[in-house]
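The sequence and the model are shown first.

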Amino acid sequence: MSRTPVVPERPPCRLYLITPPAIPDLAAFARDLEAALDAGDVAALQIRLKDVDDAAVLAAIAALKPVAQSRGVAVILNDRADLAARSGCDGVHLGQSDGTVSAARTMMGRDAMIGVTCHDSRELAMDAAEAGADYVAFGAFYPTATKTTVHRPDPEILTIWQETVEVPCVAIGGITAANAGELAGAGADFVAVSAAVWSHPDGPAAAVRELCQAIGQSA
C-alpha cells in the first residue's frame, strides 16, 4: 500500500523588521528598537539605509547590532555584503543588482544568512534558492511609501512556494496589522515591516504587539 509523503510542518510566521531609509538620531532610534524588540517575537532586523556613505552605515550597525543581537534577533544589512562582513552582521539582503549569492557567501562565510529580492517571480526565487540563498523575498504585496515598487505579486505565490520549496519566503511591501494575517495564512514564513512599526501612532511597541497578534504569534 502506498503512503502519502509527510510534508514537514513549517514554523509559525514571524516578524522581520526593516529600519527606515533614514535615521537622523541613532540614539533615539535605538531606544525605539529596544521597545519594539521587547514587545514581541521578532526574527530579524534589516538595516536599510539609502543615500548615506559607508561611515553612516557602519555607525548605524554599531549602534543597532548590540540591541538586536542581545535579544536573539539576527542583523541583516541591505545591499552590501562587504560592509556586512566587515561589521559582523549576521547576514545580507541582496537586490537583483547587488551581486551574487556565491560572492556574498565567499565574503561572509557559510553561516551567514543571505536573502534575495525576487519581486513577483518564482523563476528568480528558484535561481536564488539553487544558488544557496537562505531565504527569498516576494513583494511588494501592497502599496508602500517606503520605496518605489513596480511589482505586485498575488499572495498565491507564497502558497505555491511553500508547497514546493523548503527555502523560507519573506513577504514585503505595505504590510500592516490589517493585512499581515492574510500573508501569513497564504504561506509567508516571515512578514517584513517598516513604516507600520516606526510610524505607528502609538509607538513601535504597540505596532509589534498588533502585528504579532495578526500573524498568530503571542506578543
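A crossover counts as right-handed if, with the strands pointing away from the viewer, the path from the first strand over the helix to the second runs clockwise. In this predicted model, such a unit is formed by strand β7, helix α7 (residues 180-186) and strand β8.

**Barrel**

Eight strands, in the order β1-β2-β3-β4-β5-β6-β7-β8, close into a barrel with parallel pairing. From one strand to the next, the twist averages 25 degrees. Strands of a sheet pair through backbone hydrogen bonds, either parallel or antiparallel.

| Strand pair | Residues | Bridges |
|---|---|---|
| β2 and β3 | 42-47 and 74-78 | four bridges |
| β6 and β7 | 135-139 and 169-172 | four bridges |
| β7 and β8 | 169-172 and 190-193 | three bridges |

Val170 has Phe190 of β8 as its bridge partner.

**Nonpolar cores**

The largest nonpolar core comprises 69 residues, and those with the most contacts inside it are Ile47, Val136, Phe138, Leu158, Trp161, Leu183 and Val191. Helix α2 (residues 54-69) supplies the largest share of this core, seven residues. Apart from this core lies another one of 11 residues, including Ile18, Ala74, Ala137 and Val170.

Which residues does Trp161 touch, leaving aside those up to four places away in sequence? Its contacts include Val136 and Phe138, together with Arg10, Arg122, Ala125, Met126, Ala129, Val167, Pro168 and Cys169.

Note on methods. Residues are numbered from 1 along each chain as its sequence is written. This is a predicted model: local features need pLDDT of at least 70, side-chain atom pairs count only at pLDDT 80 or more; totals for chains, interfaces and linings use all residues. Side-chain values use heavy atoms; hydrogens and water are left out. Two strands pair if DSSP finds at least two bridges between them. Helices (H or I, at least four residues) and strands (E, at least two) are DSSP runs, numbered from the N terminus. Axes are lines fitted to C-alpha atoms, for helices over the stretch in contact, and angles run from 0 to 180 degrees between N-to-C directions. A nonpolar core is a set of buried Ala, Val, Leu, Ile, Met, Phe, Trp, Tyr and Cys residues joined through side-chain atoms within 4.5 Å. Buried means under 20% relative accessible area, exposed over 50%, partly exposed in between (1.4 Å probe, protein chains only). Contact means heavy atoms within 4.5 Å.
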